[in-house]
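Subject: Structure handover

Hello,

Here is the structure for you to take over. Please open it first, then read the notes below.

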Amino acid sequence: MLMESPPVGFDALNLIDPICRAVQSEKYTHPTPIQSQAIPHLLQGRDLLGCAQTGTGKTAAFALPVLHLLAEKQPASGAKGPRALVLTPTRELALQISDSFRTYGRHLNLKQTLVFGGVSPKPQINALRRGVDILVATPGRLLDLYQQRCLRLDNIEVLVLDEADRMLDMGFLPDIKKIYAMTPNNRQ
């Protein structure tokens, strides 16, 4: 007879204390299946393709390990530009992801910003100039800012393609290929 193992709490995932505190303050007690499977894999620095239904905690499944990895590792001396890039197809999703990073990373000294089209780029450019560790972006605005030399991608340590299938359906494959080529080969 197979017995179901007891649910594993977030503390068993070996995330750093500031992230655990943020997760606890959100009243999360146990990771979802996508989180319990993805987080340990990502913390080992491995690449991952994850698929799960909407509402299963996919954003936390990548945001928590990204925050952990960046907080644990100092940026290279003199490095400029973001260390993590999350590409997403729409402004609405970019806003949700940015909110999640802010929530889970509230006890960390990591800066994040958001760039997307349909609004003036000036505040986004100013935020990039102030420095950023985590950049959440839509492909079009990201390429626009890169071409204007407002942004560097040569220090990206982690690249996340959120809703990659949707980006492909929306015709972003050429943009994704360009962005992928702008990031270092050794990024996760």
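Start at Pro-40. Setting aside residues up to four places away in sequence, Pro-40 touches Leu-13 and Gln-35. Pro-40 sits in helix α2. Its relative accessible area is 32%, so Pro-40 is partly exposed. From Pro-40 to His-107 is 67 residues in sequence and 21 Å in space, C-alpha to C-alpha. Please keep in mind that this is a predicted model.

**Helix α3**

Now α3. Its 15 residues should span 21 Å at 1.5 Å a residue, and the end C-alpha atoms are 22 Å apart, which agrees. The buried residues of α3 are Ala-60, Ala-61, Phe-62, Ala-63, Leu-64, Pro-65, Val-66, Leu-67, His-68 and Leu-70. What covers them? The cover includes α1 (17–25), α2, β1 (84–87), α4, β3 and β4.

His-68 belongs to this helix. Its relative accessibility is 10%, under the 20% cut-off, so His-68 counts as buried. Beyond its neighbours within four places in sequence, His-68 is in contact with Asn-14, Leu-15, Ile-16, Ile-19 and Leu-43.

**Nonpolar cores**

The largest nonpolar core has 35 residues. Leu-15, Ile-19, Phe-62, Leu-64, Leu-67 and Phe-101 touch the most other members. At least two residues of this core come from each of α1, α2, α3, β1, α4, β3 and β4. The largest share is from α3, with 8 residues. In general, nonpolar side chains of soluble globular proteins tend to be buried together.

Take Phe-101 from that core. Not counting residues up to four places away in sequence, Phe-101 touches Phe-62, Ala-63, Val-66, Leu-67, Val-86, Gln-112, Ile-134 and Val-136. There is also a second, separate core of 21 residues. Among its members are Ile-125, Val-132, Leu-145 and Ile-156.

The largest pocket has a volume of about 1,200 Å³. Its lining has 44 residues, and Gly-50, Phe-62, Leu-161, Asp-162 and Glu-163 are the closest to its centre. Two or more lining residues come from each of α2 (33–43), α3 (58–72), α4 (91–104), β4 (158–161), α7 (164–169) and α8 (173–182). Which element gives the most to this lining? It is α3, with 8 residues. By class, the lining of the largest pocket splits into 25 nonpolar, 11 polar and 8 charged residues.

Of its 18 lining residues, Ala-79, Lys-80, Gly-81, Gly-131 and Val-132 are the closest to the centre. The lining of the second largest pocket has 8 nonpolar, 3 polar and 7 charged residues. Val-132 is listed in this lining and also in the second core.

**A loop residue**

One last stop: Thr-138. It lies in the loop between β3 (134–137) and α6 (139–147). Is Thr-138 buried or exposed? At 8% relative accessibility, Thr-138 counts as buried. Its contacts, leaving out residues up to four places away in sequence, are Leu-87, Thr-88, Pro-89, Thr-90, Arg-91, Val-115, Phe-116 and Gly-117.

Over to you.

Best wishes

Notes:
Residues are numbered from 1 along each chain as its sequence is written. This is a predicted model: local features need pLDDT of at least 70, side-chain atom pairs count only at pLDDT 80 or more; totals for chains, interfaces and linings use all residues. Side-chain values use heavy atoms; hydrogens and water are left out. On a 1 Å grid over the protein atoms alone, a cavity is a set of points where a 1.4 Å probe fits but cannot get out, and a pocket is an open set with protein on both sides within 12 Å along at least five of seven lines; lining residues have an atom within 4 Å of a point. Grid points are joined across faces, edges and corners, and a volume is the space filled by probe spheres set on the points. Helices (H or I, at least four residues) and strands (E, at least two) are DSSP runs, numbered from the N terminus. Ala, Val, Leu, Ile, Met, Phe, Trp, Tyr, Cys and Pro count as nonpolar, Asp, Glu, Lys and Arg as charged, and the others, Gly among them, as polar. Buried means under 20% relative accessible area, exposed over 50%, partly exposed in between (1.4 Å probe, protein chains only). Contact means heavy atoms within 4.5 Å. The expected span of a helix is 1.5 Å times one less than its number of residues. A nonpolar core is a set of buried Ala, Val, Leu, Ile, Met, Phe, Trp, Tyr and Cys residues joined through side-chain atoms within 4.5 Å.
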